[in-house]
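Please keep the model open as you read.

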Amino acid sequence: LAHVDHGKTTLTDVLIASNGIISQKLAGKLRYMDCRKDEQEREITMKSSSIALLYKSPLHPDDPPILANVIDSPGHVDFTHEVGAALRVSDGALVVVDAVEGVRTQTHAVLQQAYKDKVKCCLVINKMDRLITELKLTPEEASRTLTRIVEECNVILSTLYRESLFAARASDEAAQASAAEGAAAAAPQVAQGEEAAAPVPRPAPSAETPPTV
C-alpha cells in the first residue's frame, strides 16, 4: 500500500527477484505485476495482482519456508476500490512511503482503510538514497526526516484509534439512554396492563348460590 509512485511495484519486483522468478537486474524495471498493456504504457498500477512467494528466514535456516501471497495494489486515488478489495483478503500490509515525499494524502487513505479493516501494517520507508543524492542531507538531517515519517504515520493511526474509541463510547451512551427511556415509557403500560388483567372479585359462595367455574 502506498501513495502513487512511492515504489510499491518496485518493491514487489525485488521480492519476486528474491525467489528467482526474475533477474535482480530487472527488479524495478520489468514491473512484473503490471501485466496489462495500459499499465506498462502509463507506468502505473491500475489493477491489484497477486503472486505466491516463498520466504526463508536467514536467522532460522532450518525452519521450513513460509508461503506468502503478495498483492500489489494501485496507489492512484482513482483505483481506491482495488486497495479496499486487496485489504479485505489480507492478513497484513506493507505501507510504502517515499523518504523524500513523505506521508501524502493517499498514504493517509490507505492507513485509514487498513485500520478500518483491522489489518496490521508494517511501515517501509523507500528511496532513502534520495536523501543523500538529491537533498544532500547530513546524517543527522536524514535521521530527523525518517523519524518524522514514522511519527506522522503513528499520529494517523493513533487519531483513528481515538476516534473509534469516542464513537464506541457515544454509541454505548446512546444505547443506555435509549434503554432507560424505553424502560420509563414501558413502566406505566405494564402497570395499566396489570390493573386491567386483575380478576374481578366474586361474591363468596353461599348455600343458595352454587359455585362457579
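## Salt bridges

The structure holds 8 salt bridges, a salt bridge being a side-chain nitrogen of Lys or Arg within 4 Å of a carboxyl oxygen of Asp or Glu. This is a predicted model, in which local features need pLDDT of at least 70 and side-chain atom pairs count only at pLDDT 80 or more, while totals for chains, interfaces and linings use all residues. Residues are numbered from 1 along each chain as its sequence is written, and side-chain values use heavy atoms, with hydrogens and water left out.

One of the bridges joins the side chains of Arg36 and Asp38, with 2.7 Å from N to O. Arg36 is partly exposed at a relative accessible area of 34%, and Asp38 is also counted as partly exposed, at 25%. Here buried stands for under 20% relative accessible area, exposed for over 50%, and partly exposed for what lies in between (1.4 Å probe, protein chains only).

## A bridge between strand and loop

Which residue does Asp98 pair with? Its salt-bridge partner is Lys127, and the closest N and O atoms are 3.6 Å apart. Asp98 sits in strand β3 (residues 92–98) and Lys127 in the loop between β4 (120–126) and α5 (130–133), so the pair ties together parts that are 29 residues apart in sequence. Helices (H or I, at least four residues) and strands (E, at least two) are DSSP runs, numbered from the N terminus.

Is Asp98 buried or exposed? Asp98 is buried, with a relative accessible area of 0%, whereas Lys127 is partly exposed at 27%.

Glu152 and Arg148 form another salt bridge, with 3.9 Å between the closest N and O atoms. Both residues lie in helix α6 (residues 139–197), 4 residues apart, which means about one helical turn separates them. An α-helix has 3.6 residues a turn, so residues three or four places apart point the same way. Glu152 is partly exposed at 31% relative accessible area, and Arg148 is partly exposed at 43%.

Elsewhere, salt bridges that share partners link Asp98, Lys127, Arg130 and Glu134 into one network.

## How α3 packs

Helix α3 (residues 80–88) and helix α4 (residues 105–116) have axes that come within 10 Å and cross at roughly 35°. Axes are lines fitted to C-alpha atoms, for helices over the stretch in contact, and angles run from 0 to 180 degrees between N-to-C directions. The crossing is right-handed, the near helix being turned clockwise from the far one by less than a right angle.

Thr80, Val83, Gly84 and Leu87 of α3 meet Gln106, Val110, Gln113 and Ala114 of α4. By class, this contact has 4 nonpolar, 4 polar and no charged residues; Ala, Val, Leu, Ile, Met, Phe, Trp, Tyr, Cys and Pro count as nonpolar, Asp, Glu, Lys and Arg as charged, and the others, Gly among them, as polar. In α3 the buried residues are Glu82, Val83, Gly84, Ala86 and Leu87, and they pack against β2 (66–72), β3 and α4.

## The chain as a whole

Stepping back, the protein chain has 6 helices and 4 strands, in the order α-α-β-β-α-β-α-β-α-α along the sequence. Of its 213 residues, 27% are buried.

Among contacts (heavy atoms within 4.5 Å) with a separation of 6 or more, 61% are between residues 24 or more positions apart.
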